[in-house]
Amino acid sequence: GPPQTRPGLFVVGDPKQSIYAWRSADLAAYDGFARELVRAGGERGPLGLNFRSLQGVLDEVTRIVAPSMQAQEGLQPPYAPLVAARGHG
């Protein structure tokens with residue numbers, strides 16, 4: 001039907017979970033789907049709130065991992081820093 005009558009769609013995905021290729025995760029498929037959503041008028045936003053760790057731990061992860069986690073289309077997502085949910089708004 002016409003776009004104004006179609007239901008909304010909310011999709012959540014984490015490209016870093018695509019490391020689980022042994023479980024059929026596929027970063028290229030994830031990236032392609034995300035591109036199609038944006039092309040169709042959707043918006044893409046980051047997942048950056050962490051509910052498991054304190055900010056000090058996340059800062060250390062960023063310090064160690066960010067320099068070596070280089071984006072590679074279809075193979076490796078770009079590094080995205082996380083923010084601790086505790087004490088966040």
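Reply: **Salt bridges and their surroundings**

Arg63 and Glu60 form a salt bridge, with 2.5 Å between their closest N and O atoms. The model is a predicted one. Both residues belong to helix α2. They sit three residues apart there, so about one helical turn separates them. Now take the accessibility of each partner. Arg63 has a relative accessible area of 54%. The cut-off for exposed is over 50%, so Arg63 counts as exposed. Glu60 has 36%. That value lies between the 20% and 50% limits, so Glu60 is partly exposed.

How many salt bridges does the rule give? The count is three. The rule asks for a side-chain nitrogen of Lys or Arg within 4 Å of a carboxyl oxygen of Asp or Glu.

Helix α1 holds another pair, Arg39 and Glu36. Their closest N and O atoms are 2.7 Å apart. The spacing is three residues, which means about one helical turn between them. Arg39 is exposed, at 59% relative accessible area. Glu36 reaches 46% and is partly exposed. Gly1 lies 38 residues from Arg39 in sequence. In space, the two C-alpha atoms are 19 Å apart.

The remaining pair is Arg35 with Glu73. Here the closest N and O atoms are 2.9 Å apart. Which parts of the chain does this pair link? Arg35 is in helix α1, residues 27–39. Glu73 is in the loop between α2 (55–65) and β2 (83–84). The two are 38 residues apart, and the pair links distant parts of the chain. Buried or exposed, how do these two partners fall? Arg35 is partly exposed, with a relative accessible area of 40%. Glu73 has 62% relative accessibility, so it counts as exposed.

Next, the surroundings. The segment before α1 includes Val11. Val11 is partly exposed, with a relative accessible area of 43%. Together with Leu9 and Phe33, Val11 makes a nonpolar surface patch of about 310 Å². Patch members need over 30% relative accessible area and no salt bridge, and Val11 has 43%, so Val11 passes the area test.

Finally, the largest pocket. Its space comes to about 1,100 Å³. Which elements give two or more residues to its lining? They are α1 and α2. Helix α1 supplies the largest share, eight residues. The lining has 38 residues. Those nearest the pocket centre are Gly13, Pro15, Tyr30, Gly45 and Leu47. By class, the lining residues divide into 23 nonpolar, eight polar and seven charged.

To recap the pairs by element: Arg63 and Glu60 are in α2, Arg39 and Glu36 are in α1, and Arg35 in α1 is paired with Glu73 in a loop.

Definitions and conventions:
Residues numbered from 1 in each chain as written. Predicted model: local features only at pLDDT ≥ 70, side-chain atom pairs only at ≥ 80, totals over all residues. Heavy atoms only, no water. Helix = DSSP H or I, 4+ residues; strand = E, 2+ residues; numbered from the N terminus. Buried < 20%, exposed > 50% of the residue type's maximum accessible area, 1.4 Å probe, protein only. 1 Å grid on protein atoms, 1.4 Å probe; cavity = no way out; pocket = protein on both sides within 12 Å on 5 of 7 lines; lining within 4 Å. Points joined across faces, edges and corners; volume = space filled by probe spheres on them. Nonpolar A, V, L, I, M, F, W, Y, C, P; charged D, E, K, R; others polar. Patch = residues over 30% accessible without salt bridge, like charges linked within 9 Å, V, L, I, M, F, W, Y side chains within 5 Å. Areas by Shrake-Rupley, 256 points an atom, 1.4 Å probe, with all protein chains shown as cover.
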